[in-house]
Amino acid sequence: MTTRPDTHAADSHDLIRVHGARENNLKNVSLELPKRRLTVFTGVSGSGKSSLVFDTIAAESQRLINETYSTFVQGFMPALARPEVDVLEGLTTAIIVDQQRMGADPRSTVGTATDANAMLRILFSRLGRPHIGSPKAFSFNVASISGAGAVTVERGGQKVKERRSFSITGGMCARCEGRGSVSDIDLTALYDETKSLNEGALTIPGYSMDGWFGRIFAGCGFFDPDTPIAKFTKRQLHDLLHKEPTKIKVDGINLTYEGIIPKIQKSMLSKDVDSLQPHIRAFVDRAVTFTVCPECDGTRLNEGARSSKIKGISIADACAMQISDLAAWVRGLDEPSVAPLLASLRQTLDSFVEIGLGYLSLGRPSGTLSGGEAQRVKMIRHLGSSLTDVTYVFDEPTAGLHPHDIQRMNALLLRLRDKGNTVLVVEHKPEVIAIADHIVDLGPGAGAAGGAVCFEGTVAGLRTSGSVTGRHFDDRAALKETVRTPTGTLEIRGATANNLRDVDVDVPLGVLVAVTGVAGSGKSSLLHGSLPAGADVVSVDQGAIRGSRRSNPATYTGLLDPIRKAFAKANGVKPALFSANSEGACPGCNGAGVVYTDLAVMAGVATTCEECEGKRFQASVLEYRLGGRDISEVLAMPVAEALEFFGDGEARVPAAHRILERLADVGLGYLGIGQPLTTLSGGERQRLKLATHMGDKGGVYVLDEPTTGLHLADVEQLLGLLDRLVDSGKSVIVIEHHQAVMAHADWIIDLGPGAGHDGGRVVFEGTPAALVAARSTVTGEHLAAYVGEGVPETA
């Protein structure tokens with residue numbers, strides 16, 4: 001007979017305890033999460049899931065880990081404040097895999113972001129023939145440089161001159177500096193050659209003859225400002241466009257004259273296009289064309305790096321291959337001298353295929369990946385990890401995944417759990433919620449109406465819980481009885497962008513069209529890269545909203561402008577007083593509402609400004625009222641209340657009311673119009689962007705996965721919004737994986753059959769009912785199962 005030994009004290013720590021969490025909208029949340037299990041956090045968008053998982057549990061874990069490093073090392077790390085929570089116990093090391101877009105730096109590629117490029121460079125430096133140098137010789141971020149000269153060194157009290165030389169062999173293409181593309185300026189967008197400078201020939205924003213530029217051009221003496229540019233000599237045209245900085249004297253003042261092209265390259269083209277003012281960005285889009293570098297053919301590498309090969313393949317060829325093909329090529333290499341390197345490279349490339357990204361290439365710029373693809377790329381480094389007892393935190397890992405691929409993602413999450421890790425997942429998809437060991441449902445509403453735990457337990461318990469998620473868990477949209485009749489067609493002919501194979505397709509107008517297919521099948525290439533020019537298209541992609549803690553929904557949507565003008569008109573003062581970023585700002589906190597104290601390696605401290613009590617405005621500004629409210633009270637209103645306030649009575653502002661209606665339409669009625677953008681969830685940001693674009697003048701709306709970050713209950717509201725857009729005479733085309741949107745569409749264009757070079761073809765065009773009846777594609781199988789017409793084949 002065996003006696004059970006007493007349980008060791010160390011084995012009793014099998015829970016993560018959260019007590020009194022108050023971050024963002026959380027209302028004193030307390031709960032216990034089981035370790036080494038898969039816990040899914042659900043709830044409507046804005047209910048507090050990210051605040052609990054990312055801003056409380058993961059943030060505190062990361063902060064505690066950072067504190068184990070020396071203060072010197074901490075100086076290079078982001079300083080994190082302790083979250084608003086009373087007690088956090090039982091935390092383990094957190095690895096956060098979120099949907100933050102990867103940097104859009106032109107030098108960052110899928111290969112550089114995952115270390116696959118680093119391993120390939122070592123491989124080619126060891127096995128490549130002819131041998132051209134170290135791994136640096138294969139890097140498009142390292143330029144070849146050499147130099148020589150005399151240096152003075154002190155030896156034994158005497159100064160001795162010695163000749164030294166150095167040389168670095170890099171792989172960067174000298175023409176495009178490792179970017180793969182060169183910019184070309186369209187001269188017709190800079191000036192009208194039929195006019196003279198004095199007649200206003202220059203069409204560059206800010207370059208008028210009335211200001212300093214006019215005085216410089218008129219007084220430089222290099223050309224006659226009254227002669228049409230078409231009649232300039234070669235020398236005069238060169239001086240106008242390309243002349244290097246030259247000192248000149250105009251009206252007794254010393255000035256520097258420089259050609260137009262180097263000037264706009266410094267002032268406009270060297271900056272991030274997204275950070276430019278809208279009218280300058282429009283000019284840059286019009287005037288600058290980016291063409292593939294003729295010297296390296298877009299590979300970013302110089303001739304030397306491209307000449308060294310292994311079995312007839314250069315590193316440029318390897319980076320251009322589809323990763324699934326590259327993995328097969330690497331498996332065919334058998335070289336004992338680099339066996340550990342090959343094993344590691346194989347594992348990394350196989351992880352790409354396993355996670356459903358085998359259709360990418362290592363040379364793909366990382367800024368072009370969608371949020372879901374970026375998150376899965378980040379997952380790759382963790383798949384083969386030997387670490388256990390780690391907390392993995394995922395933010396909607398199924399974003400951008402076809403239902404066919406969700407089963408594969410589920411298997412990966414379970415595999416991480418089975419290795420002895422705690423897996424926390426924020427998710428809306430019922431297929432992922434169904435595999436959870438433990439569920440935490442937050443709500444009941446969003447924003448101020450959320451932040452409480454509505455249910456904690458198992459999937460079976462959730463179904464009967466009566467919470468919003470429980471009620472909608474088994475929701476299924478039915479196929480439409482009748483579909484709308486198109487009013488015309490948008491013709492796409494011979495589309496070859498990325499992996500598209502000479503696609504011809506007629507997109508019906510005046511109806512709701514869903515473009516479907518597995519991730520990487522060519523949906524975005526078809527709609528974002530192949531729509532005919534001048535098609536009157538408003539495109540709402542998945543690009544992140546840019547905004548600091550000073551930005552809020554009122555500033556982002558342009559709502560603050562009509563509000564400021566209404567306040568100014570009602571009180572007979574100027575509008576700038578009613579902006580916390582302008583003249584009305586509280587001098588104590590510069591309009592931020594809080595005073596930040598930087599404590600170097602320690603977390604900075606933010607204290608509410610004593611002067612304005614967090615209201616952000618000067619006391620004198622708060623005396624001005626509109627409809628009985630001051631500007632700080634108006635900015636504290638949720639959208640729904642502001643909609644009523646500006647709808648009628650003395651505070652009636654039709655321009656503000658229109659913008660607020662659009663915000664309410666996309667389901668953001670609970671959002672405070674002055675709430676900082678940095679506190680918004682991913683789903684809220686996506687809908688804020690949609691609301692902004694709904695005011696654009698355009699007949700065709702292209703929406704890229706509008707259901708991203710939306711709860712099951714919110715999808716219904718989104719479908720209503722799409723219907724209203726179509727019924728108002730617009731054409732709506734959605735790239736979508738959500739079966740409810742597919743079932744609700746009037747027409748489906750399905751791409752595939754696979755991803756990468758296995759896709760790029762139209763495999764079905766027709767109504768959702770016809771797709772279900774035919775079941776000829778992967779999408780058809782899953783849609784049939786969703787509407788209750790069959791069971792999909794498992795992946």
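Is D746 buried or exposed in this predicted model, and what is its relative accessible area? With a relative accessible area of 2%, D746 is buried (under 20%, whereas exposed is over 50% and partly exposed in between, with a 1.4 Å probe and protein chains only). The model is predicted, so local features need pLDDT of at least 70 and side-chain atom pairs pLDDT 80 or more, while totals for chains, interfaces and linings use all residues. Residues are numbered from 1 along each chain as its sequence is written, and side-chain values use heavy atoms, with hydrogens and water left out.

**View 1. The salt bridge of D746 and R484.** The closest N and O atoms of D746 and R484 are 2.7 Å apart in a salt bridge (a side-chain nitrogen of Lys or Arg within 4 Å of a carboxyl oxygen of Asp or Glu). The two residues are 262 residues apart, D746 in the loop between helix 26 (739–744) and strand 26 (747–752) and R484 in the loop between helix 17 and strand 18. R484 is partly exposed, at 23% relative accessible area, and salt bridges that share partners join K480, R484, D723, D727 and D746 into one network.

**View 2. The salt bridge of R331 and D350.** R331 in helix 11 (residues 323–331) and D350 in helix 12 are 19 residues apart, and their side chains meet in a salt bridge at 2.9 Å, N to O. Relative accessibility is 47% for R331 and 31% for D350.

**View 3. The salt bridge of D474 and R463.** In this pair the closest N and O atoms are 3.0 Å apart. D474 is partly exposed at 45% relative accessibility, and R463 is partly exposed at 43%.

Conventions:
Helices (H or I, at least four residues) and strands (E, at least two) are DSSP runs, numbered from the N terminus.
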